Amino acid sequence: MTGLDTLWSEIFNFSDYAQLLPLLKNSVIACVVLGVMGGLIGVFVMTRDMAFAVHGVSELSFAGAAAGLLFGVSVVAGALVGSLAAALLIGVLGSRARDRNSVTAVLMPFGLGLGILCLGLYHGRAANKFGLLTGQIVAIDDPQIKSLISIAAVVIVGLLVVWRPLLFASTDADVAAARGVPVGVMSLVFMTLLGLAVAVSVQIVGALLVLSLLVTPAAAALRISASPFRVPLLSTLFALVAAVGGVLLAAGSSLPISPYITTISFIIYVTCRAVGPSRGRARAQSST
Amino acid sequence: MSSAEPLLTLERAALGFGSRMLWEDLDVEVRRGELIAVLGANGSGKSSLLKVVLGQLRLRSGSARVLGTPVRRGDRRIGYIPQQRLADDGLPLRGRDLVALGVDGHRWGVPLPSRRRRQRVSQLLSSVGAEAYESVPVASLSGGEQQRLRIAQALAAEPRLLLCDEPLLSLDLPHQRLVCDLVDDARRRLDLAVLFVTHDINPILDKVDRVLYIANNRCRIGTPDEVMTSEVLSDLFDAPVDVIRHRGRILVAGVPDDQLYHHPEQVPL
Ligand SMILES: Nc1ncnc2c1ncn2[C@@H]1O[C@H](COP(=O)(O)OP(=O)(O)OP(=O)(O)O)[C@@H](O)[C@H]1O
Ligand SMILES: [Mg+2]
């Protein structure tokens, strides 16, 4: 009984919460931006059928970040280099879904192994080491947060600028191409934005759990709506709830944020699946 | 811009990939209001012909012009209905959204709510009798239902020339008839020229002005009566082919196995 109690208080600990809150400001801001970014880009990850590719990109991003740590250059810069390289490689080599999956499957263990090698060779502060894989403890330090927020802002603005042609190209490539949408350019633009988004997410939720922010919220939104307006709004809302909720719940504990984020994200998805109409019912309902 | 000017002109056009020739010596002028059926075996280059007109594939030689100007990508005077179906799942699109993409999907930015777009989309939906699918997720629509939306989408930019790539594929007879009627109706209403790629000419036979038949890297063009004859097709296929007319339908028999396309009307002898 007492064992369970201690376990519980390790996971949720709200004593001194009022003093804690001001310290959380940075994390909350970071997670708001992360949530908006993840919710928006997730819609395209889903429509372009890229969930697996996201996972591949994040492992390479992890390798880059670990190399950055080992060689004493910036972790953020390393993550950026890794994920952009992976994203563009997957984008260029894997224009068809089958190719994309095999390219991703080849890159993923390579990146993960490379990252583990770098971490193994690194003899610095150990607490931070596996944060790149499994996510950070709440406090995110100040210089880092500025760069994370600016990268995320670039992704959000970039997405809004190309929104309509990207949606056209992602859902209906042949007709989009016929209407003059530069489908190939759109694909590269998207992969670049995706690379940036992954690099940011890896810093906070960790490489292994990036999908919970870049895929799960959009997948949940698509279960309950097919409107191109409502889906991104819901997806953003879900990602926000998961990210910010994760920070607030994790605050009192000494655990990383990621399990809180992934759990909230998962619960939202399961709920959407349960309440969302099955495909047959969707038709019957909406045509009345 | 004289009204006699052909909408689409192909002159001594030839297309091939690498060392492989798909077709050559294609000469055709497509006039406004004219519906041309494009027939040919799988892989004969029918879709590729449409891609040439869309400016996505370069001719090996010869020229292709739309209303006098060389073909180019993103020409709004051309409407396009692709051969591929939409994805089955994970599409954030309802019927009206698919059509709206045809209206302004190529523009930058986020679409702001606009009454004009709404009205235009509603009008397009009702022109193909697809009002009922307005709010239905497109992924849950059947092939024939999606095809209706495709027609509305293709008409959204007020094209002069409509390219349809096997719009009848995997549709049952009533839906084949319906799609043919919708295309025919649009052509009459908007004075469109139409290239209609199909495996089987029969569903659209009574609406076809001319037939473009591609086989053995060669093409024949003319009215159905001129092209769909035993002599012409035997010459085109380099094999004895029998064309049988039966109750207003055209049956083609004897097409060599390697040129046979999958259709019950075609019986190898
Ligand atoms: N970009 C390309 N590069 C090389 N070969 C191509 C390319 N596009 C098409 N082909 C080849 O050209 C041939 C004609 O293709 P196309 O899609 O035009 O045929 P089709 O007549 O539409 O056939 P189907 O009835 O099966 O739709 C095929 O053998 C195809 O493999
Ligand atoms: Mg084809």
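How are H12(A) and H13(A) oriented to each other? In this predicted model, the axes of helix H12 (residues 216-224) and helix H13 (residues 230-250), both of chain A, come within 8 Å and cross at roughly 135 degrees. Angles over 145 count as roughly antiparallel and 65 to 115 as roughly perpendicular, with the rest as oblique, so H12(A) and H13(A) are oblique to each other. As for handedness, H12(A) passes H13(A) in a right-handed crossing.

Next come the residues that do the touching. On the H12(A) side, they are A:Pro217, A:Ala218, A:Ala220, A:Ala221, A:Leu222 and A:Ile224. These meet A:Val231, A:Leu234, A:Ser235, A:Phe238 and A:Ala239 of H13(A).

Over in chain B, the picture turns to strands. Strands of a sheet pair through backbone hydrogen bonds, either parallel or antiparallel. Here, four strands of chain B make up an open sheet in the order S2-S1-S4-S5, and the pairing is antiparallel. Strand S2 (20-30) and strand S5 (69-70) of chain B sit at the edges, each pairing on one side only. S5(B) has its antiparallel pairing with strand S4 (residues 61-66) of chain B, over two bridges. One bridge links B:Arg65 to its partner B:Pro70 in S5(B).

The sheet has a helix packed on it, too: helix H1 (residues 46-53) of chain B. H1(B) touches strand S1 (8-17), S2 and S4 of chain B, and the direction of H1(B) makes about 125 degrees with that of S1(B).

Definitions and conventions:
Residues are numbered from 1 along each chain as its sequence is written. Chains are lettered from A and ligands numbered from 1 in the order in which they are written. This is a predicted model: local features need pLDDT of at least 70, side-chain atom pairs count only at pLDDT 80 or more; totals for chains, interfaces and linings use all residues. Side-chain values use heavy atoms; hydrogens and water are left out. Two strands pair if DSSP finds at least two bridges between them. Contact means heavy atoms within 4.5 Å. Axes are lines fitted to C-alpha atoms, for helices over the stretch in contact, and angles run from 0 to 180 degrees between N-to-C directions. Angles under 35 degrees count as roughly parallel, over 145 as roughly antiparallel, 65 to 115 as roughly perpendicular and the rest as oblique. A crossing is left-handed if the near helix is turned anticlockwise from the far one by less than a right angle, and right-handed if clockwise.
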